Amino acid sequence: MKERIKAIREMNPSNEIITAEGWVRTKRDGKNVCFLEINDGSCLKGLQAVIDKSTFTDNNLLDQITTGAAIKAMGKIVESQGGEQGVELSVTALELVGPCPQDYPLQKKRHTVEFLREKAHLRPRTNLFGAVTRVRNTMAYAIHSFFQENGFVYVNTPLITASDCEGAGEMFQVTTLDLENPPRTKDGKIDYTKDFFGKMAKLTVSGQLNGETYAMAMKNIYTFGPTFRAENSNTARHLAEFWMVEPEMAFCDLYGDMEVAESFLKYIFKAVLDKNAEDMAFFDNFVEKGVISTLEHVINSPFEHMTYTDAIKLLEKENSRFDFPVHWGSDIQSEHERYLTEVIAQRPVIVTDYPKEIKAFYMKMNEDGKTVRGMDVLAPRLGEIIGGSEREYRLDVLLERMKELGLKEEDYWWYLELRKFGSAPHAGFGLGFERAVQYVTGVANIRDVIPYPRYVKNADF
Ligand code: 4AD
Ligand code: MG
């Protein structure tokens with residue numbers, strides 16, 4: 001019988017011989033007994049394998065079984081002598097599957113996250129990255145469950161696109177042209193008609209515009225995939241490649257949008273508390289004290305709501321404490337987000353109705369002509385975790401807004417046709433998946449919640 005270590009640790013003592021496969025995390029070699037901790041990623045704590053040297057005499061083999069080695073251990077499950085763990089494996093036979101020489105970088109001492117980023121191919125073998133990987137997995141699964149249980153259809157939107165959804169110009173170009181010697185038009189510009197797609201193409205910053213088209217047929221849809229931003233932001237919460245979840249709902253306004261966002265976040269947080277108790281205890285002890293009770297508090301209390309205008313009024317009173325003092329019209333930056341969530345509300349805050357100048361072209365205009373039906377969900381410690389809005393579904397208003405911003409109608413012709421053929425109010429949002437994982441685990445840097453982070457000056461591995 002072959003079982004994962006999580007299941008073995010839950011077995012009762014018996015005379016049956018079982019096999020445990022995995023990597024040696026630690027080895028404690030005494031005169032009479034040798035203890036190995038074997039981990040296979042199925043849970044945080046490994047299986048303790050005990051080798052009685054009076055009966056197991058292949059010392060040569062035992063010497064080669066070092067930290068990091070891949071092994072198989074056969075034996076019986078017995079009551080643990082140490083008392084700390086329930087059961088352990090009393091080894092009768094060992095097999096060295098893949099030896100691990102002494103220059104293995106993950107020796108027993110604790111390593112810094114900076115050091116581990118340089119060893120991104122090995123870091124999933126540490127407690128921290130094993131726990132992050134399992135929690136990330138639970139969250140991805142919960143995201144699908146939430147939407148599937150609520151009748152949303154999963155739609156895959158393209159990664160290569162010709163439209164800039166957010167209008168921020170932070171896109172990576174995709175080309176097969178020879179950069180040393182690109183084809184040129186008569187007036188000396190690069191001739192993109194000769195490029196692979198016959199026009200300039202980019203990596204998408206968001207699946208929203210394509211998602212909207214499907215919402216106008218399927219009513220409720222969601223996307224969940226990679227997005228790319230060539231933002232030159234070297235911060236603990238920005239990546240150049242990150243995963244985004246984007247639901248889009250037809251016949252829905254901003255209130256409906258906020259309701260879904262709140263119950264969605266609570267659902268995925270709860271899934272982690274239910275399924276990853278051991279990992280969460282680890283984060284609470286070693287990464288962010290109180291992270292479990294914070295999540296419980298978030299799940300059990302309603303989010304705070306305020307308009308941008310009210311948020312600015314509150315923040316202006318505290319301008320002396322900020323690096324960037326605010327006034328009506330300014331962007332709400334990370335220090336302000338933290339003040340609103342940590343000091344004022346002490347829970348997540350949804351800020352709505354932002355000045356049109358600081359939001360994207362597609363947000364529905366309010367009657368004041370100055371603000372738009374956008375909403376950001378801000379979380380304590382982290383700041384913005386969700387950005388969303390009710391969309392401008394009125395063709396004339398949308399055209400007017402695009403003109404103001406200098407967006408070309410012909411680039412968005414298909415998006416505009418949605419407003420012509422059976423337009424309906426609709427709304428949606430985007431959750432930054434890595435930011436959500438950061439929030440749940442308390443891991444301070446976004447580079448440590450994705451297997452292979454891509455950011456300014458880094459695309460290693
Ligand atoms: O607020 P953003 O830019 O919104 C959109 O892209 C909309 N089209 C979403 C929609 O309405 N369908 O991005 C959404 C979220 C942010 O709140 C943040 O959590 C995350 O994506 N995000 C990033 N995460 C990591 N690295 C970056 N560079 C990010 N930029 C945005
Ligand atoms: Mg945003």
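These legends go with a set of close-up views of a predicted model.

**View 1. The whole protein, before zooming in.**
The predicted chain folds into 13 helices and 16 strands. Its C-alpha trace spans about 85 × 55 × 45 Å along the principal axes. Of the 461 residues, 50% are buried. Take the contacts between residues at least 6 apart in sequence: 66% of them join residues at least 24 apart. The protein exposes about 22600 Å², and carbon and sulfur atoms supply 51% of that area.

**View 2. Ligand 1 and the residues around it.**
There are 25 residues around ligand 1, and those that come nearest are Glu166, Gln208, Arg229, Glu246 and Glu384. Sorted by class, the shell holds nine nonpolar, eight polar and eight charged residues. Strand E15 gives the most to this shell, with five residues.

Start with the backbone: an N or O atom of Ile385 sits 2.8 Å from an oxygen atom of ligand 1. Gly387 also takes part through its backbone, with a polar atom 3.3 Å from a ligand oxygen. Arg391 uses its side chain instead, placing an N or O atom 3.0 Å from an oxygen of ligand 1. How much of the ligand does the protein bury? On its own, ligand 1 exposes 630 Å², and the protein buries 94% of that. The elements giving two or more residues to the shell are strand E11 (241-250), strand E15 (383-390) and strand E16 (426-432).

**View 3. Glu170 in its loop.**
Look for Glu170 in the loop between strand E7 (160-161) and strand E8 (173-174). Is Glu170 buried or partly exposed? Its relative accessibility is 26%, so Glu170 counts as partly exposed. Setting aside neighbours within four places in sequence, Glu170 is in contact with Asp164, Val205, Phe228, Arg229, Ala230 and Glu231. One of these contacts, Arg229, is also listed among the residues that come nearest to ligand 1.

**View 4. Helix H8 and what covers it.**
Helix H8 runs over residues 291-300, and its buried residues are Val291, Leu295, Val298 and Ile299. Down the axis of H8, these residues fall within an arc of 100 degrees, so they line one face of the helix. The spacing follows a general rule: an α-helix has 3.6 residues a turn, so residues three or four places apart point the same way. The cover over the buried residues of H8 includes helix H6 (254-275), helix H7 (277-286) and helix H13 (433-441).

H7 has its own set of buried residues: Asp279, Met280, Phe282, Phe283 and Asp284. What covers them includes helix H4 (127-149), along with H6, H8 and H13.

**View 5. Helix H9 and its buried side.**
Which residues of helix H9 (residues 308-316) are buried? They are Tyr308, Ala311, Ile312 and Leu315. Around the axis they cover an arc of only 100 degrees, which puts them on the same side of H9. These buried residues pack against strand E12 (304-307), helix H10 (334-345) and strand E13 (349-355).

**View 6. Ile350 in strand E13.**
Ile350 belongs to strand E13, one of the elements that the buried residues of H9 pack against. With a relative accessibility of 0%, Ile350 counts as buried. Leaving out neighbours within four places in sequence, Ile350 is in contact with Met258, Phe303, Glu304, His305, Met306, Met375, Asp376 and Val377. For Val377, the C-alpha to C-alpha distance from Ile350 is 4.5 Å, although the two residues are 27 apart in sequence.

Most residues other than glycine have a negative phi. Lys457 is not a glycine, yet its phi is positive at about 65 degrees. Lys457 lies in the segment after H13, and its relative accessibility of 84% makes it exposed. Phe461 lies in the segment after H13 too. Its phi is positive as well, about 70 degrees, and Phe461 is not a glycine either. Phe461 is partly exposed, with a relative accessible area of 47%.

Methods: Residues are numbered from 1 along each chain as its sequence is written. Chains are lettered from A and ligands numbered from 1 in the order in which they are written. This is a predicted model: local features need pLDDT of at least 70, side-chain atom pairs count only at pLDDT 80 or more; totals for chains, interfaces and linings use all residues. Side-chain values use heavy atoms; hydrogens and water are left out. A residue is near a molecule or strand if one of its heavy atoms lies within 4 Å of it. A polar contact is a pair of N or O atoms within 3.5 Å; within protein, one must be able to donate a hydrogen and the other to accept it, and residues adjacent in sequence count only if both atoms are side-chain atoms. Accessible areas come from the Shrake-Rupley method with a 1.4 Å probe; for residues, only the protein chains shown count as cover. Helices (H or I, at least four residues) and strands (E, at least two) are DSSP runs, numbered from the N terminus. Ala, Val, Leu, Ile, Met, Phe, Trp, Tyr, Cys and Pro count as nonpolar, Asp, Glu, Lys and Arg as charged, and the others, Gly among them, as polar. Buried means under 20% relative accessible area, exposed over 50%, partly exposed in between (1.4 Å probe, protein chains only). The arc is that of the directions from the helix axis to the C-beta atoms. Contact means heavy atoms within 4.5 Å.
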